[in-house]
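Work through the exercises below with the model in view. Each task is followed by a stepwise solution.

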Amino acid sequence: MENGKDANTSPEGANCRPAFGWAARDTSGVLSPFNFSRRKNGENDVTIKILYCGICHSDLHCIRNEWHNAIYPIVPGHEIVGVVTEVGSKVAGFKVGDHAGVGCMVNSCRSCHECERHLENCCPGMVLTYNATDVDGTITYGGYSDSVVVEEHFVVRFPAGMPLDRGAPLLCAGITVYSPMKRFGFDVPGKHLGVVGLGGLGHVAVKFGKAFGAKVTVISTSPSKKQEAVERLGADAFLVSKDPDQMKAAMGSMDGIINTVSAYHDIVPLLSLLKTHGTMVMVGAPEKPLQVPIFCLIGGGRCLAGSNIGGIKETQEMIDFAAEHNVAADIELISMDYVNEAMERLAKTDVRYRFVIDIGNSLHAA
């Protein structure tokens with residue numbers, strides 16, 4: 001510590017302003033109060049007072065360095081929602097007082113083929129919202145903090161009526177399932193969509209699927225989740241993947257599957273649920289490689305694909321669609337001082353279905 005601040009804070013100077021949040025300093029992942037600095041609002045920037053920030057499972061992986069890329073200290077959080085407090089002179093799409101959000105990225109090269117196609121998430125120069133090096137050489141800090149300054153292009157407008165707390169997780173979990181549904185044609189009314197796993201991603205996938213007019217079947221290893229899936233979330237059917245009779249009866253019945261599971265699992269029985277030329281999209285990220293016997297794909301002309309969030313244009317489209325169709329995450333709202341306990345619970349999958357930190361009412365500067 002130097003003068004009450006961590007030595008590894010962002011650069012101080014005339015172009016910086018003080019900020020406050022909670023950060024992890026080592027692989028223990030324990031979060032504690034952290035003073036740092038943000039850049040001052042530039043001519044193309046939007047400054048947001050953060051009111052809510054969702055806790056994504058990737059936050060837990062990152063603060064514990066489970067992906068071996070941690071840049072400590074880490075201020076996590078990429079499901080950020082709040083109110084605009086300042087805009088630059090060249091900002092045209094936002095004004096002070098607007099509700100706005102920031103998702104998984106805060107910059108990209110803006111000139112490559114992917115950026116030109118509104119796929120900033122696929123840009124080689126894409127900059128993550130936290131634990132990344134921005135184009136000016138500074139380290140990015142996320143939403144477990146009081147404010148954020150972001151270039152206008154990477155800010156998402158929240159429509160009137162969209163609940164900010166329940167809407168925050170859509171900036172990661174929502175776009176992660178919405179994007180492949182649109183890209184692979186699962187958004188067509190009457191399609192039969194399977195959703196593997198009923199967690200933070202899965203429960204939102206069910207809601208989007210129903211909003212699109214699809215028949216939705218939840219596929220889970222836990223029979224106890226049937227009532228929740230069908231009666232509360234509105235799924236049309238529930239399939240226990242460990243029950244061979246149920247799996248056999250459902251073979252060849254689904255147009256597409258969104259697989260949200262991040263643990264190692266056998267995907268061969270899941271592929272058999274697809275119709276001819278059906279597609280299973282992986283949005284979970286198991287740490288160990290999955291085995292895919294090629295004949296499972298060749299036999300029915302099936303496809304196995306992957307998807308990673310979405311571009312900014314599509315993220316705005318998703319938020320607008322969600323607001324129109326009353327799609328929002330089911331959350332447990334917590335205070336900032338509960339965050340370490342929440343992380344321990346998250347590691348045990350003890351959350352239904354997303355923790356969201358009440359930043360505006362519980363983050364207090366030390």
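A contact here means heavy atoms within 4.5 Å. The model is predicted.

**Exercise 1.** Find what share of the contacts with a separation of 6 or more joins residues 24 or more positions apart.

Solution. Take the contacts in the protein chain with a separation of 6 or more. Of these, 67% link residues 24 or more positions apart.

**Exercise 2.** Decide why the radius of gyration agrees with that of a compact globule.

Solution. Start from the chain length, 366 residues. A compact globule of that length would have a radius of gyration near 21 Å. The protein chain has 21 Å, so the two agree. Buried residues make up 52% of the chain.

**Exercise 3.** Locate the cis peptide bonds from Tyr72 to Pro73 and from Arg352 to Tyr353.

Solution. Take Tyr72 to Pro73, where omega is near -5°. Pro73 sits in the loop between α1 (57-63) and β4 (80-87). Next, Arg352 to Tyr353 also has omega near -5°. Tyr353 belongs to the loop between α11 (339-347) and β17 (354-357).

**Exercise 4.** Classify Arg110 and Thr349 as buried, partly exposed or exposed.

Solution. Buried means under 20% relative accessible area, exposed over 50%, partly exposed in between. Arg110 has 39%, so Arg110 is partly exposed. Thr349 has 64% and is therefore exposed. Now check the backbone. Phi is positive in both non-glycine residues: near 70° for Arg110 and near 55° for Thr349. Thr349 lies in the loop between α11 and β17.

Definitions and conventions. Residues numbered from 1 in each chain as written. Predicted model: local features only at pLDDT ≥ 70, side-chain atom pairs only at ≥ 80, totals over all residues. Heavy atoms only, no water. Rg over C-alpha atoms; globule rule 2.2 N^0.38 Å. Buried < 20%, exposed > 50% of the residue type's maximum accessible area, 1.4 Å probe, protein only. Helix = DSSP H or I, 4+ residues; strand = E, 2+ residues; numbered from the N terminus.
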